[in-house]
Structure formats: structure tokens, C-alpha cells
Amino acid sequence: MSASAAVAVHSLWTTAAEPAAADRIGAPAIEYAQLAPTLIVVGAAVVGVLLEAFVPRRARYHAQVFLTVVALAAAFAAVVALAAGGHATTKAGIVAMGAIAVDGPALFLQGTILLTSLVAVFTFAERRLDPAHHGHRVDSFAAEAAAVPGSEQEKAAVKAGFTTTEVFPLVLFAVGGMLVFPAANDLLTLFIALEVFSLPLYLLCAVARRKRLMSQEAAVKYFLLGAFSSAFLLFGVALMYGYAGSVSYARIADVVDGSVSDITPALAQTMGNDVLLLIGFAMVLMGLLFKVGAVPFHMWTPDVYQGAPTPVTGFMAAATKVAAFGAMLRLLYVVLPGLRWDWRPVMWGVAIVTMLAGAIVAITQTDIKRLLAYSSIAHAGFILAGVIAATPDGVSSVLFYLGAYSFVTVGAFAVVTLVRDAGGEATHLSKWAGLGRRSPLVAAVFAVFLLAFAGIPLTSGFTGKFAVFKAAAEGGAGVLVVIGVISSAIAAFFYIRVIVLMFFSEPKPEGPTVAVPSPLTMTTIAVGVAVTLALGVAPQYFLDLAGQAGVFVR
């Protein structure tokens, strides 16, 4: 080939490789300041993984605890700064090229998730409850997660004083996903956030130090059922995309309302097909109802709550509910307000069955963690009553209830970690008999949490229930409120039964002891009690805060 021909061919290559200006993929415009809370947490999680690789084993625990606490505190400060800068109200908007909403509900829920996670992480770091093994302090997590339970490898790891410090980066990854979940503004971001926070939780459920086989069984059940729910959600996303030709919330809402202007022939054909929309929406809703533990998608809850390490159960029970209800609110209020007459009857049925089933089945439980699991199912039903209201008051009441419930839950599970016998935590109810005489302070604190769950006045539970029931009644769901009050009365029975067992039963001579925790768990329990009483005695400021935060951006 001659030199001139080679130059000509080369010029053809370079010209063909240059796309027309209109076809070029533009660089994404990312608003880093508005995404700061999520970026801080995910960045710290990545640093946590590097610490596992490069920091000597003996220094990892302190490095990971410090990094996790600082990251969660810094992310909460970033949320407060965004809210103070008006991003919850006047400057609310859609960022990250339409993927994430920064508005009042998103910031309120992110702040709740971060504070709850910060308090829950203290129970992860607790190392004084079990007696020291071979001179090494131990926590709630397996010495070596990869070792077969009972094997020589596990015994050697325990003897060497190993600890699974990987739980801290896993918690940060889970929190990162939870921060995006209620703020997601398109269906793909919603799905990715769901997977980012679910996968670490599956792992965390499997790494209990005691009862490892039960812990691994819980993780497998959670993983299999979680995979099904993710598949339903993803199939629903595909059908809704087929209906609206977009995964963006605002675009789907416009197509549902019929207010879309640029109708293509393909869109005109699918817009008339409500089957795609209704089945797709039902499948997405199933994925979210699974995460909040609503009936009939609740079967994983008692087994997983019982089998997982108790610090993980507390974290998961509180933070996951906040994230999942936040995502559900945004989906129902932003995407599908035009379908209100279709989704409200379905949600009525789910809420009624969830409240009654959670309350009635809890009466039969003999394990304290399973009892709290069924209690959480009943609470999912109470929160759904606020969701069904379909009014601004409904949104703010749900936000308040989630904030109040999450701290009570973390505090209650922190108390469960303290009651121990030779086999570890004593979770069978018979072991709690006479606890009020052995350890009056611990029993009194647990009684406060139980009374809050029951919705007794002067606790946060009463204020939260009053708010959601009031919003539901004003939204035309009076029958639901009556059923909710009946369910609350049934639920109050088993909470009071535990209090009677603790204070009015004779303690057994071979009964469990109450371990003296470090200041870490004490802080968790103290914060739980303080928030429970503060939101019960003087809730107005926080109700106003939830009211101001209750407006979605679209």
C-alpha cells in the first residue's frame, strides 16, 4: 500500500471514529453536595474493606468501630446541613440525572436511618457480655465466619482470639443502600438500592457466635425469600417500563394521569393496556411489602429475627422498615396517585390482615425474639394505616411513627442481649421470670419499651399510633382505625404478660444472669429510653418536623 493510500485510510478511520456532536454521550452531571450523606457512608464502607486487607488483625476492631461511628455521624451532619440549607423545602429537587430525589421525606428518613444505625452499631461493638475466651474479649459474631461450625478450624480461631470485624463495612454498605432506597426517583435505582442493602444483611444474619447453625439457617431462609421478592420487584419494573416507556417516576406518573405530551405510536399502544400497569405495580409492591414484613409476605420475619445475631436483628428490624416504608410512600404518592382507587382497597386488606395476624400469633410465642418479630409485623400493619390515608397528614404521621418505632426497637433488642445463661442469650420467655427482682433496672427499661410497643400514653408508641390512626380516620379509613385499635388491645395483652412475668413471678434459682455491658450498649439503651419518653411526653416539635418534611418533590 502506498504512503498516500495509507494516509487516506487512516483519515477514514479517524473521521469514522468521531461521532456526530448530537450522538456524543455527555458527561453525567452529579450534585455531590446533595449526595454527600450517601457518598460518605459508601466511601467509608470501601475504606473499611481496605482496613480488613491492610491493618494488622489486633488493631482492626478499634479502627473499624472508629471509622463506622465517624462515618455515620458525619453523614447525619450532612443530612442536617442539607435540611438547614432548604433542601427539604424550597430547594428540594431531583439530582444525579433524575435518579435520586432530595426532599423533605428523603432527608427525614435518611436522618432516621443514620441515627438508628449509629445507635445500633454500638451493640455490634459490645465485647463485655460474654466471658473472655483464652484471654480475648469476644463479641456477638463468629470468630471465623468461613469455618464450619464445631470444626477444628473454628476452635483454633476462637483460641487465637479472632473476631469477624468485616461486620462493620457490611453495616455501612447496608446503610448506604438504605439511604438511597427511600430517595430513589426511578425504578432501576430503587432495585439497585434494594440489592445493595439486602446482600450485606443476608451475610450479617449468618455470622452469630452462638447457635451458628440456627444463624446460618436464618440467613439461607432470608436469602431465598429475599431473592424471590427481588425477582418479583424486577419483573414489576419491567412491566411498568413496558407500560410507560420509562423507569422515571415523574414520567410514569404523567403516563398514568394521561398528561404526557410527546406520545409516540409505541407508547400510544401500551398506554391503553392497564394490565401491564396493574400487574407491574402489584409486583413492585410485593417486593416492598416483603421488606416491611407485611402479611402474607411475612413468613421470613420470625425465623430470621430469632436466628440472626441479636445486634443484627435490632439494626435490621429498625432501619429496614424505615427504608422500605419510605420507598413505598414515594411510589404510591409520587408515581401512582392517579391509581389511588386501585391500590387503596388492596392495601386496606393487607393492613387489616397484617395488624390482626401479627397481634394474634404473637400471643402464642414463647421466645422473646419471635415475640418481637410478630410485634414488628403488627406494627407494619399500623404504619400501613397511615400510608392508606393518602393525605399530607398521612405522610407526616408515617414519618413520625417510623422515627419513634426505630429507636424503641433498637433499645428493646439491646436489652435482649443482656439476659444470658451458660448457652449465651436466654431468649425463652420462661427464663425471664422474676427478672424484675434480680435486676430491677433492666426489667424496668424493657417494660418502658414494651409499653411503647403497646401504645400506652406518655410513650412515643402512643403518639405515633394516635398520629397514624387520626390521619387514616380523616382520610376516610375509619373502619381500619377500629380494627387497628382492636389489634392494639390484643397486642397489649402479650406485652403486659411479659411485664407481669418479669415483676410478679418468682425467679428460678438456676435462672439467667444479667450481664453488665460496656458504655456502648448502655448508650444504645439510654438513647432508646430517652427518645421513647421524649416523643411521648413532648412530641410536638418532632410532629411539626415530620409535617414540614412531608412534601414529596416530583
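**H11 and H13.** I started with how H11 passes H13, and the crossing is left-handed. I'm working from a predicted model here. Next I looked up the geometry: the axes of H11 (residues 274-292) and H13 (residues 310-335) come within 8 Å and cross at roughly 155°. Angles over 145 degrees count as roughly antiparallel, so that is the label for H11 and H13. Then I checked who touches whom. H11 brings residues including Phe281, Leu285 and Leu288, and on the H13 side I found Ala324, Phe325 and Met328 among them. I sorted the residues of this contact into twelve nonpolar, one polar and two charged.

**H3 and H4.** Which way does H3 pass H4, left-handed or right-handed? I noted a left-handed crossing for H3 over H4. Helix H3 (residues 57-84) packs against helix H4 (residues 104-124) at about 160°, and their axes are 9 Å apart. That angle makes H3 roughly antiparallel to H4. From H3 I jotted down Leu72, Phe76 and Val79 among the contact residues; from H4, Leu114, Leu118 and Phe122 are among those they meet. My tally for the contact of H3 with H4 reads 13 nonpolar, four polar and no charged.

**The sheet.** Last, I went to the open sheet of three strands, where I read the order as S4-S3-S5 with antiparallel pairing. S4 (424-425) and S5 (513-514) stand at the edges with a single partner strand each, so one side of each has no neighbour in the sheet. I zoomed in on S3 (residues 419-421), which pairs with S4 in the antiparallel sense over two bridges. Which residue of S4 does arginine 420 stand opposite? I found glutamate 425 there.

Methods: Residues numbered from 1 in each chain as written. Predicted model: local features only at pLDDT ≥ 70, side-chain atom pairs only at ≥ 80, totals over all residues. Heavy atoms only, no water. Axes fitted to C-alpha atoms, helices over the stretch in contact; angles between N-to-C directions. Helix = DSSP H or I, 4+ residues; strand = E, 2+ residues; numbered from the N terminus. Parallel < 35°, antiparallel > 145°, perpendicular 65-115°, else oblique. Left-handed = near helix turned anticlockwise from the far one by under 90°. Contact = heavy atoms within 4.5 Å. Nonpolar A, V, L, I, M, F, W, Y, C, P; charged D, E, K, R; others polar. Pairing = 2+ DSSP bridges.
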